[in-house]
Amino acid sequence: MTEYKIALVGFGGVNRGLAQLIAERNATWQAELGFSLSIVGVTDLFLGSIIDRNGLDASTLASLPAAKGAFAQLPGGSAEAFNEAVIKQSGADIVAEATFTNPVDGEPAATFCRWALEAGKHVVTTNKGPIALHGAELKQLAKANGVAFEYEGSVMSGTPVLRLANKTLAGAEVRGFEGILNGTSNYVLTRMEEGLSFDEAVAKAQELGYAEADPSADVDGYDVRLKVVILANELLDAHLQVSDVACNGIRGISSADIERVRDSGARWKLIGSARREDDGSVRASVEARLLPSWHPLIGISGATNAVSFETALLGAVTVSGPGAGRIETAFALLSDIVAIHASRHKA
Ligand SMILES: NC(=O)c1ccc[n+]([C@@H]2O[C@H](COP(=O)([O-])OP(=O)(O)OC[C@H]3O[C@@H](n4cnc5c(N)ncnc54)[C@H](O)[C@@H]3O)[C@@H](O)[C@H]2O)c1
Ligand SMILES: N[C@@H](CCO)C(=O)O
């Protein structure tokens with residue numbers, strides 16, 4: 001039976017969700033997936049850090065109070081975040097990186113990924129910054145060190161999109177995609193349709209753990225822009241930089257704008273899209289669009305996301321599911337670990 005030792009970098013909603021899943025489901029995973037997980041280190045800017053190479057109790061970690069320096073309450077814990085030590089010296093096989101997404105330069109998460117990969121550890125991450133801004137370099141680094149770099153949760157949380165499109169649409173010739181790729185902004189638009197103000201709806205999305213640390217990344221479209229870059233580079237081999245994607249969010253949509261179109265059945269949605277043009281170039285954008293009532297993405301409400309791939313052989317293939325959420329995104333980390341396990345146990 002395989003046991004992977006895992007270090008958690010960032011212990012907010014997502015990695016705490018993973019600790020909770022480990023506490024509740026390790027025995028089931030052992031039986032059904034052929035591996036279990038042992039948490040050997042955790043580090044967080046706010047909570048501090050802790051290392052135990054023999055394994056920490058996942059349930060104690062999952063229920064740790066969200067108080068500054070809280071790891072100091074545990075035997076061997078510290079109020080200081082010793083990120084580098086947790087990544088390099090905890091004996092982890094896998095590092096789960098889930099710190100804040102930095103949409104400008106992807107740091108310090110990109111550095112955390114580099115440290116782990118260079119030390120010969122697999123990396124699983126839900127953080128869009130390192131992938132959108134340093135994806136090619138990090139994939140190369142992983143290859144050079146014979147380890148995996150997996151990031152399924154960076155687009156549409158636990159809903160399978162990247163691996164699904166990469167593996168199961170291979171050969172179908174994906175020509176482009178359009179999608180609702182941000183849970184927070186879609187939730188905000190839905191709640192505004194129900195009568196909440198913009199600010200009230202954003203506060204609710206924060207409460208539910210959907211929003212980024214700075215929710216302007218959600219409502220101004222920057223989060224979707226990163227996801228469009230990740231999807232376009234992964235599926236269309238587009239080599240896009242973040243600055244190549246025109247980006248406008250939902251801040252300009254007022255309750256009055258929503259009310260005005262209510263009877264027509266049209267709805268405002270934040271749409272991220274990319275398409276290969278006839279000259280081979282890829283054009284991508286993020287913008288609030290008024291979708292007509294017949295549009296395939298019109299029924300996608302709340303924090304649900306959906307992406308419709310335009311393919312040469314199948315026409316449109318649409319995937320929908322949760323686009324945000326602590327447990328939903330922790331599941332994406334698990335799916336990355338399942339992929340790593342499968343690749344190590346190939347016949
Ligand atoms: N929550 C979701 O629904 C969701 C979905 C998909 C992707 N993501 C991404 O996953 C990542 C984690 O999301 P989350 O909801 O857990 O965020 P969060 O804000 O709840 O937690 C992030 C944690 O990282 C810690 N942190 C920040 N900078 C750090 C540093 N330099 N060193 C150590 N720790 C640091 C913070 O203290 C915080 O506890 C983010 O990048 C987010 O964009 C989140
Ligand atoms: N803040 C993001 C999390 C998922 O990337 C969202 O609302 O979609």
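Which elements do the buried residues of helix 4 pack against? Before I answer, some conventions. This is a predicted model, in which local features need pLDDT of at least 70, side-chain atom pairs count only at pLDDT 80 or more, and totals for chains, interfaces and linings use all residues. Residues are numbered from 1 along each chain as its sequence is written, while chains are lettered from A and ligands numbered from 1 in the order in which they are written.

Helices (H or I, at least four residues) and strands (E, at least two) are DSSP runs, numbered from the N terminus. Helix 4 spans residues 109–118, and seven of its 10 residues are buried, that is, with 20 or more other C-beta atoms, placed from the backbone, within 10 Å of their own. Those residues are A109, A110, F112, C113, W115, A116 and L117. They pack against strand 1 (2–9), helix 3 (83–89), strand 4 (94–97), strand 5 (122–125), helix 5 (128–144) and strand 6 (149–150), with contact taken as C-beta atoms, placed from the backbone, within 7 Å. After helix 4 comes G120, with a positive phi near 80 degrees.

Strands 4 and 5 pair in the parallel sense over four bridges, and A96 has V124 of strand 5 as its bridge partner.

Terms used: Buried ≥ 20, exposed ≤ 12 C-beta atoms within 10 Å, placed from the backbone. Contact = placed C-beta atoms within 7 Å. Pairing = 2+ DSSP bridges.
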